[in-house]
Amino acid sequence: MPETPADFRYPLRWRLMDGIEALADRIWPRRLAPWTGWLLITPALLLVGLLVLGLIQIADSSLRTLDTATFLPSEDWSLANFEKALASRVYLTVAWRSLLGAALTTFLTLALAFPYAYALVRTRRPWVRKALLITLFLPFFIGQVVRAYGWLIILGNSGMVNEALSLVGVAPMRLLFNYPAVIFGMVQYMLPFAVLLMVPALAAIPAETETAAGSLGANWLRTTWHVVLPMAKPGLIGAGLVVATLSLTDFAVPAMLGGGSQDFIANAIYDQFFRTADQGLGSALALMLVAAGSVLVGLVFLVFGAGTLSMGGRR
Amino acid sequence: MAAVRSEQPAVVVQGVDMDFGTGAMAVKGASFALEPGRFLTILGPSGSGKTTLLRMIAGFQAPTRGEILIGGRPADAVAPHRRSIGMVFQKLALFPHMTVNANVAFPLKMRRHDPRTIPARVARYLDLVRLGGYGNRRIHELSGGQQQRVAIARALVFEPDLLLLDEPLAALDRKLREEMQLEFRRIQKELGVTTINVTHDQREALVVSDEIIVMDHGEIQQHTSPVDMYRSPANPFVASFIGVSSFLEGLSSPRGLMVNGVDCAGVAAGAILPGMPARGAIRAEQTRIGAAAEACDTVLEGRITDTIFEGERLMYFVDLPALGTGVRIYHHDPAEHAPFEKGATVSTGWNARDLLIFPAKDR
Ligand SMILES: Nc1ncnc2c1ncn2[C@@H]1O[C@H](COP(=O)(O)OP(=O)(O)OP(=O)(O)O)[C@@H](O)[C@H]1O
Ligand SMILES: [Mg+2]
């Protein structure tokens, strides 16, 4: 042991850590170590378990039709709710609108987020990086409702954009409560998520790899296409999955910027649960949404392999 | 391939400075010219500005001052992807998402070679770096040395006019490194491509190069052939960097160097007047010990303070009380491998032409 003066004391942080370790050793002795991993994921497993319980409950009510006389769910099971949902033109339109919306949002968000994330990673000037980060997070801090309200102020019939247009003699246009407005709001909402998911993937690509591609004869476009995009694939797929699932199931943006005319699946489900109080039909729609999302994620994993999210394993 | 042997040098570096603004300049007043087809090695300790100079020649970085001409044209006159420069990076910079074949084919595809000729050419260059049959492997399925050879094949395959190598062998074990050094020399001669190689391995520099530049603190110390670099170093720094030298401090004398009142035989290696403070450099392999020392121009009594076993030879650390300093001596004699013990008193000597005397102000 090294010689220490009599009044020597270890730093407070070390003593605290040692105390915590000693305590942990009491509560969870070393021979239980093989189970430590399981202990740590138990809370997460419990949460997922609760979700599964809820899903079973929903599955149960999706099989019971609403008795319009008593306003109670029927006793016996039938597939009537699913038949009704699948036969209805309204729900078909809503489903198509949601799927197309999710696809458009994903594509546009990735297309915008990639250059943003690239600039964030590659800029040499710290102040540029800071400015880009603040610009990215500012709308994030504001919250979805306030942000949507902001769009009402800016894009409304007598909003700022229309006032500016009238100055140059353009008649006021309806910029809100239509499909493009919803997609616009959705992309704006998803952008920070996508950028943050892509940044680690791009940061993992050494700048010298791009320089090398240049010296081998690739211009910037080909370097991006043949080197940067393939190497950033885990980040792109991760970001794409998150954006696609979030926008497929989004409720707030279609509700606020669509003004009731641009419902997505989540809005239809909301209506069944909280307006019409037809729990059965709502549950059937919810299950179909879960199925659509699962199929989407499953397809991505099937095509690209779970390994593409850089979770180890090559495929 | 340097098919067009023009009259002008392949590379001209003229008064080039690089100042990152972080203190001392990374490169200071570098000037040299390189004829087509030659193999130049830039040698220097870590941080001496070798990579910086190479990146400026590649055109990845503009010099703060000065000019760089590649084939008679300014280095930055051509867009990076249109230059005919093959570079092996210090960190290789291979494409991990592609196979070995795809990595080597990449420059050919980017340069729009006839797609029908690409596979044969890729195979030929993989054979050249002794990687035939590895084409379908992924990069992470190769050893470090194999990866370095892929990087070399990728830089050579489009037959650039200029090949820049940034310590391409640094990560290899000694045996493979020595094999690859000879390989480099063979390939370079075979293709006749003008090559600039960067290293801090003096042996590699001597083995592979037509000419060597020694750099220190961003400045070129000497630019000459390997033999010259070894035989007549321009200053004590070069003498210490190429081979193993011992140094003696003293005053210049008509015979050589006056150290601690002892007049040692030596030759001036620069403009130096008698009586000036001077520094003598003597190589470990030119310093004699025991019977071999008796016939030398300068013979002194020494005491062995330490010995180091280096396989085929020994290094003796010998204290010379008369000079108040010590020297290192290589002993290489298969008949009498280790004749002296630690602590033994031995004759130590050297011939006048082997003690090089520099003005003391030189580094
Ligand atoms: N981008 C940079 N910004 C600031 N200083 C730098 C930069 N690149 C290099 N330097 C400095 O310039 C000097 C020369 O660096 P360089 O990389 O050229 O050395 P080197 O001779 O290649 O060393 P090594 O043998 O370790 O690779 C060093 O002092 C280094 O700290
Ligand atoms: Mg270097």
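Me: How many positive and negative side chains has chain A, and how far apart do the centres of the two sets lie?

Reply: A word on conventions comes before the case. This is a predicted model, in which local features need pLDDT of at least 70 and side-chain atom pairs count only at pLDDT 80 or more, while totals for chains, interfaces and linings use all residues. Residues are numbered from 1 along each chain as its sequence is written, chains are lettered from A and ligands numbered from 1 in the order in which they are written, and side-chain values use heavy atoms, with hydrogens and water left out. For charges, Lys and Arg count as positive and Asp and Glu as negative, without His and the chain ends; each charge is placed at NZ of Lys, CZ of Arg, CG of Asp or CD of Glu. Chain A has 22 positive and 17 negative side chains, with centres 12 Å apart. In chain B, the mean positions of 40 positive and 40 negative charges are 8 Å apart.

Me: What is the secondary structure of chain A, and why is this chain described as more spread out than a compact globule?

Reply: Helices (H or I, at least four residues) and strands (E, at least two) are DSSP runs, numbered from the N terminus. Chain A has 14 helices and 2 strands. The globule rule is 2.2 Å times the number of residues to the power 0.38, and the radius of gyration is taken over C-alpha atoms. For the 315 residues of chain A the rule gives 20 Å; the radius of gyration is 26 Å, well over that value, so the chain is more spread out than a compact globule. Its C-alpha trace spans about 85 × 65 × 45 Å along the principal axes.

Me: What share of each chain counts as buried?

Reply: Buried means under 20% relative accessible area, exposed over 50%, and partly exposed in between (1.4 Å probe, protein chains only). The buried share is 34% of the 315 residues in chain A and 50% of the 363 residues in chain B.

Me: Which residues touch the most other members of the largest nonpolar core?

Reply: A nonpolar core is a set of buried Ala, Val, Leu, Ile, Met, Phe, Trp, Tyr and Cys residues joined through side-chain atoms within 4.5 Å. The largest has 79 residues, and those touching the most other members are Val195(A), Met198(A), Leu202(A), Phe106(B), Val150(B) and Leu156(B). Helix α8 (residues 179-203) of chain A gives this core its largest share, 13 residues. Apart from it lies another core of 29 residues, including Val16(B) and Phe32(B).
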